[in-house]
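Biologist: I would like to go through this model step by step. Please show it first.

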Amino acid sequence: MKHYENKQSKELRSGFGAGLVEAGRNDSNVVALTADVCGSVKIDAFAKEFPDRFVQCGIAEANMIGIAAGLSLCGKIPFLGGFAEFVTGRVYDQIRQVVAYSNKNVKICGSHAGISLGEDGATHQTMEDIALMKALPNMTVLVPCDYNQARLATLAAARLNGPVYLRLGRSKMPNFTDDNDTFVIGKAQLLNEGTDVSIIACGHLVWEAIEAARALEAEGISAEVINMHTIKPLDTDAILATARKTRAIVTCEEHLFNGGLGDSVAQTLALHCPTPMEYVAVNDRFGESGTPDEMLTNYGLRATNIIDKVHAVLKRK
Amino acid sequence: MKEINELQTIATQVRRDILRMTTAAKSGHPGGSLGTTEWFTAMQFNLMDHDPAHFTMSGEGQDMLFVSQGHITPVIYSTMARRGFFPVSELATFRRFGTRLQGHPSTAHGLPGIRMASGSLGQGLSVGIGAALGKKMTGDKHLVYTMHGDGELEEGQIWEAVMFAGDKGVDNLIATIDYNRQQIDGSTDQVMDLGDLRAKFEAFKWKVVVIANGNDMQQVIDGMTQAKAMSGNGSPVAVILTTKMGYGVDFMQDTNKYHGAVLSDADLPRALAQLPETELKDY
């Protein structure tokens, strides 16, 4: 098992904030917008360094989407930041019309995504955002796994000409990838090679997948671990290669079963390589208040849950 | 630049286009299109600083127009074609499978002159603000125009945008409201009273121009010229353009019946008889 170390737990939204400042230094066309959550989504450093390229929209996400689309016409590369629920679900039609269908170079950056948001409760814990965004033609969907990768994904989004949804969490999570990794949109990251089962994860669940693989190794089960940081366009080659190799798949995500990473993987397998598969995800329910740790544990999104699903899928091989 | 009588001739031909396009397509929105024909004609030919032969998505060095109530594609497309954005003959493809002239404006089919999809109401003002901010950031002194239905003002996003533009002083933006006081389910008085629109915009720190008769070409030109003169002074400008839905055909006027309903093949000649073909010729 390849060794991964949590160098220091950090927030993914802060990785985005760091990446945004770098992107701003790299390209003077990068601009940022927010809806009264500048500090919460870590756009404050960009706003301080580039005040003329920052737009405070107030608590008006729908207007913010339209302004970003308009700015993109003039050659700007707008990154808009807000709480994931309010920059996806609340403004789905705005994104559909003037970003996705009109195919504009707008980057929608949703922080506080998923159940690990914790105490704020279900009103703010979106677990449908991947489903919403991946359903839109032209949209690229990125779900980085830690602080370092959130930074690299932000830089990659700035280089891509087209609509992007970047999903970010609020809470401190293990930071274990290299800060000088290569991040290629649409290219899965093979974290560990294995032969018995494939664990395909995204976001915060990638670290849980690594911990699960470690424990499985002690049981004599060789797990391949893949970080599927790009939900769309999906790296189907990587999925099919690992499916043909291990003949058993477990997907892991901080999202609902419906419309998430697991669904994308299942669709690929059903069409090209039917393979036993299990989901680690939240099944058709809303969240609630609690600490991030309590939420992940009580909603079945821990390494131990992944291990259980691995055992289940291995019985189906 | 056209003389008033030339613009009026174009407007008559545009109205013929609107009726023929919608009846041929057996769908579309003639009412609001007929009501705003003077405005679109004046904008395309006299008021906007733009060049159909050199259309760019960025609109750099040109004025930009975003029509938020995208359902009035008949007048949008006819005036664009008559201005030279694409061949007039293409109007015959309106709403047909494979056309660039989609039912509502789209950027997905490569029609020159369209920069953003619209028709899902309430979004065009925000887009216009973004483009106006982009022009400011890039040092482009040209103007951004938006056009809205009055019923569209019932959308909440409009007021987010109105509040933003007033507060931030987006003064290279001129938003025109087609004040025909009609919408699908009845008059705006019945569906949702618009109240004192001038006072509403002024309360949000906009300057306001009222055009008392938006179906009078001279009044449209004078009012829009006044709006242009008021721009660049720290406030966005709203133009309340009083029009009659269905204007130009007596039995289509003063009713919301033709908002989204088209003339039958039998009724079309009766309407066209009131709008004789001009030297510009039918498509």
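Biologist: What percentage of the 317 residues of chain A count as buried?
Modeller: A residue is buried if 20 or more other C-beta atoms, placed from the backbone, lie within 10 Å of its own, exposed if 12 or fewer, and partly exposed in between. This is a predicted model, in which local features need pLDDT of at least 70, side-chain atom pairs count only at pLDDT 80 or more, and totals for chains, interfaces and linings use all residues. Residues are numbered from 1 along each chain as its sequence is written, while chains are lettered from A and ligands numbered from 1 in the order in which they are written. The buried share of the 317 residues of chain A is 61%.

Biologist: Is Leu256(A) buried or exposed?
Modeller: Leu256(A) sits in strand E13 of chain A; helices (H or I, at least four residues) and strands (E, at least two) are DSSP runs, numbered from the N terminus. Leu256(A) has 23 C-beta neighbours inside 10 Å, so Leu256(A) counts as buried.

Biologist: Which residues does Leu256(A) touch, not counting residues up to four places away in sequence?
Modeller: Two residues are in contact if their C-beta atoms, placed from the backbone, lie within 7 Å. With residues up to four places away in sequence left out, Leu256(A) touches Met127(A), Glu128(A), Ala131(A), Ala281(A), Val282(A) and Asp284(A).

Biologist: Which residues of H9(A) are buried?
Modeller: Helix H9 of chain A covers residues 261-272, twelve residues. Its buried residues pack against several elements of chain A, including helix H5 (129-134) and strand E13 (249-256). The buried residues in H9(A) are Leu261(A), Gly262(A), Asp263(A), Ser264(A), Val265(A) and Thr268(A).

Biologist: How are H7(A) and H11(A) set to each other?
Modeller: The axes of helix H7 (residues 205-219) and helix H11 (residues 303-315) of chain A come within 8 Å and cross at roughly 55 degrees. Axes are lines fitted to C-alpha atoms, for helices over the stretch in contact, and angles run from 0 to 180 degrees between N-to-C directions. Angles under 35 degrees count as roughly parallel, over 145 as roughly antiparallel, 65 to 115 as roughly perpendicular and the rest as oblique. H7(A) and H11(A) are therefore oblique.

Biologist: Which helix gives the largest share of the side of chain B that touches chain A?
Modeller: The contact takes 25 residues from chain B and 23 residues from chain A. On the side of chain B that touches chain A, helix H5 (124-138) and helix H6 (156-168) of chain B each supply at least two residues. The largest share, eleven residues, comes from H5(B).

Methods:
Expected span 1.5 Å × (residues − 1).
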